[in-house]
Amino acid sequence: MSRNLKAAELFLSLGLAASMLTACTTTPEGSGEAAGGDAPMTEVEGGEGGEGGPGAAANESLQWANTFDDDAVISEFTSKVVIPQYEQFALRTAALNQAIEAFVASPTEASLAAARQAWTATRISWEQTETFAFGPAGSLGFDGAMDSWPVNQTDIEQVLAGSEPITAESVAQLQDTERGMHSIEYILFGTDASKAVSDFSDREQAYLSALGEDLNTSADALLASWTAGIEGQPAYETVFASAGSADNAVYPTIAAAGQELVSGIIDSLTEVGEEKLAAPFTAQDTEGLESRFSAQTINDLKSNLQSAENGYFGQFPEAGTKTDASISTYVAARDPALDKKVTDQFAAANSALNAVPTPLEKSLTDEAAADEIEQAIAAILEVKSTLETEVVPLI
């Protein structure tokens, strides 16, 4: 059997088959309430596939029990995971903006390296928010503005070839595929992570400067959308944490919020296992790797997996925060063996992904690395399958 055919069968059996299984289930009466996660807000298209979408609405076909009633899981996840992570992301976009300005003011190998390191730190922080890409990230367009993929290289080159002044204000009016993290990546790293200081034109430096400021503005606004509320919307921190209250039209029950969170965990695993790894591996297409310009796609995968794990355990290790009540503790109280199973599967998925040779941009098409990649796909999708078929019926 050819390696490509074997990979395709792996993808189908572990990914699509699981999706078909859940699509054939019957949603219990009343479970549609979980789909109301973003109802009061105008939904706009998010960034890359699977991100910024309607959260639990994407998983209506799963067999939700509609019995989840632990409001502490929701409120603590909001205060100890969501807010600290968005605070970190806003700080890192600010640091990236400053590093870009330092590079533009004095283009040297050292300042270029610092800007690239700042981009990497920002990217890792953002990808760890994948599990809670519901709410303002999708409905208010922040995901698209900051993380659209693929970038439109042709349009970016047209901007660079133009003569109009490039400012943060003008960048904010561009299409999402001409701004955000991947546009910064494209200009900062080049197409193969080998761009030299001498390769940067004045126009590219101006574009970079504007992109950095625009990204930081969007990150600050996303944080504010959760903590204070923007554009006439209430603070989403309050909306999510008050699920089940009499006046909460977004999450009329605690179960609706629990389903939103578990859907986010599942969506993160779908992103990393199916869309970002299995699909390009099956096609043997390195252009399908999201952060290929910087040769750092593996960071995206590891961060998305960490995001799913953080969602399940109610933790944000980098900030040292952990909830007392989480999806894990909820499951453990009802089925300790199942919680241990999920815990072990997360550990196995991390181990398998860490074993994939890097950079993925080279190993993806390397026959010698195929077994490790296949094992990582299988391990990640195994966690997803357990969540869909065994955890979901408890939520």
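Let's start with two rings, phenylalanine 134 and phenylalanine 240: both of these residues are buried. Keep in mind as we go that this is a predicted model.

How are these two rings arranged? Phenylalanine 134 and phenylalanine 240 form an aromatic pair with 5.1 Å from centre to centre and 45 degrees between the planes, and that arrangement is called tilted. Now look at where the partners come from. Phenylalanine 134 is in the loop between helix 3 and helix 4, while phenylalanine 240 belongs to helix 10, residues 236–241. They are 106 residues apart, so this pair links distant parts of the chain.

What else does phenylalanine 240 touch? Leaving aside neighbours within four places in sequence, its contacts include Ile74, Phe77, Trp226, Tyr251 and Leu261. Thr78 and Glu260 are also among them. Phe240 comes up again when we turn to the largest nonpolar core, which has 105 residues: Phe240 and Tyr251 are the ones with the most contacts inside that core. As background, nonpolar side chains in soluble globular proteins tend to be buried together.

Back to the rings. How many aromatic pairs are there? The count comes to 18. Let me show you another one. The rings of phenylalanine 77 and phenylalanine 132 have centres 5.9 Å apart, and their planes meet at 75 degrees; an angle over 60 counts as edge-to-face, so that is what we call this pair. Phenylalanine 77 sits in helix 2, residues 71–105, and phenylalanine 132 in the loop between helix 3 and helix 4, so the pair ties together parts that are 55 residues apart in sequence. Are these two buried or exposed? Both phenylalanine 77 and phenylalanine 132 are buried.

And here the two pairs come together: Phe77, Phe132, Phe134 and Phe240 belong to one aromatic cluster, along with Tyr86, Trp226, Tyr236 and Tyr251.

The charged end of lysine 195 sits over the ring of phenylalanine 200, 4.2 Å from the ring centre. Likewise, arginine 334 has its charged end over the ring of tyrosine 330, at 3.6 Å from the centre.

Let's finish by zooming out to the whole protein. Its secondary structure comes to 16 helices and two strands. Of its 395 residues, 54% are buried. Among contacts with a separation of 6 or more, 80% are between residues 24 or more positions apart.

Definitions and conventions. Residues numbered from 1 in each chain as written. Predicted model: local features only at pLDDT ≥ 70, side-chain atom pairs only at ≥ 80, totals over all residues. Heavy atoms only, no water. Helix = DSSP H or I, 4+ residues; strand = E, 2+ residues; numbered from the N terminus. Buried < 20%, exposed > 50% of the residue type's maximum accessible area, 1.4 Å probe, protein only. Contact = heavy atoms within 4.5 Å. Core = buried A, V, L, I, M, F, W, Y, C linked by side-chain atoms within 4.5 Å. Phe/Tyr/Trp six-rings, centres within 6.5 Å; stacked < 30°, edge-to-face > 60°. Lys NZ or Arg CZ within 6 Å of the ring centre and 35° of its normal.
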